[in-house]
Amino acid sequence: MLTLDIPSYLPVMKYAEDRALRRAIYEAYTTRASDQGPNAGQWDNSQIIEEILALRHEQAQLLGFSNYAEVSLELKMARSTDDVMAFLNDLARRSTPQARRELAEVQGFASEHGGPARLETWDIPYWPERLAADTLCEWRRLDGCLHEPTHEPSETTAPTAYLVCNFTPPIEGLPTLLTHDEVQALFHEFGHGLHHMLTRVDYPAVAGINGVAWDAAEIPRQSGIEDAKAA
Ligand SMILES: [Zn+2]
């Protein structure tokens with residue numbers, strides 16, 4: 001039985017050889033709770049979304065903002081909605097040429113290996129994975145690198161951070177193996193953990209990752225990524 005939760009959805013999109021199955025799961029996933037797709041209208045949330053948007057707009061007006069995006073930015077580093085749009089458009093402009101090069105490479109690989117002449121969206125996670133498996137297969141062992149927390153007897157309360165991960169569990173008798181991407185993800189989240197645990201602020205509501213703007217919280221985790229690259 002396959003569900004549309006990410007731990008079930010992603011492995012199908014990445015590894016299922018059956019193209020029709022990938023398409024069916026992709027269409028079910030991208031149209032869930034809407035008026036489209038295999039369960040069209042059955043659990044359609046469109047009306048609720050419209051209602052939420054209207055209420056958020058009303059909330060923004062009551063608080064003296066012109067729209068909800070401005071309310072959201074109040075607690076973030078970005079200064080204005082114009083800044084956000086300029087950032088996103090600039091990011092798209094800079095990354096599109098590289099994305100086109102990568103797509104052409106994957107399309108070429110798929111054509112040479114019995115894939116479709118034109119890659120569709122439901123082929124995208126699968127064929128890059130095949131290409132990567134063809135060029136590189138590097139795993140790292142997870143077991144043995146996790147330690148029990150050591151408790152400090154002190155008047156201060158040590159901050160606690162949990163990393164909740166979706167890694168594939170070990171198969172009986174075999175070590176737990178992580179792909180390089182999974183190691184990077186772990187170090188990324190560990191960077192958030194360090195940021196949180198190294199706080200010296202006395203008030204929980206503004207300590208650790210609670211003490212910075214939502215988008216600024218992504219800055220310290222970069223050191224985790226750099227550590228992963230060095231490792
Ligand atoms: Zn992050």
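I looked up the largest nonpolar core and found nine residues in it: Val12, Met13, Ile25, Tyr26, Val106, Ala110, Trp122, Tyr126 and Trp127. Helix H1 (6–15), helix H2 (19–30), helix H5 (81–112) and helix H6 (126–135) are the elements that each give two or more residues to this core. A nonpolar core here is a set of buried Ala, Val, Leu, Ile, Met, Phe, Trp, Tyr and Cys residues joined through C-beta atoms within 7 Å. A residue is buried if 20 or more other C-beta atoms lie within 10 Å of its own, exposed if 12 or fewer, and partly exposed in between, with C-beta atoms placed from the backbone. Helices are DSSP runs of H or I with at least four residues, strands are runs of E with at least two, and both are numbered from the N terminus.

The model is predicted: local features need pLDDT of at least 70, side-chain atom pairs count only at pLDDT 80 or more, and totals for chains, interfaces and linings use all residues. Residues are numbered from 1 along each chain as its sequence is written.

I then took Ile25, which, leaving aside neighbours within four places in sequence, is in contact (C-beta atoms, placed from the backbone, within 7 Å) with Leu2, Tyr9, Val12 and Met13.

Next I checked Ala33, in the loop between H2 and helix H3 (46–62), and noted a positive phi of about 55° although Ala33 is not a glycine. Most residues other than glycine have a negative phi. Ala33 is partly exposed, because 14 other C-beta atoms lie within 10 Å.

Methods
Contact = placed C-beta atoms within 7 Å.
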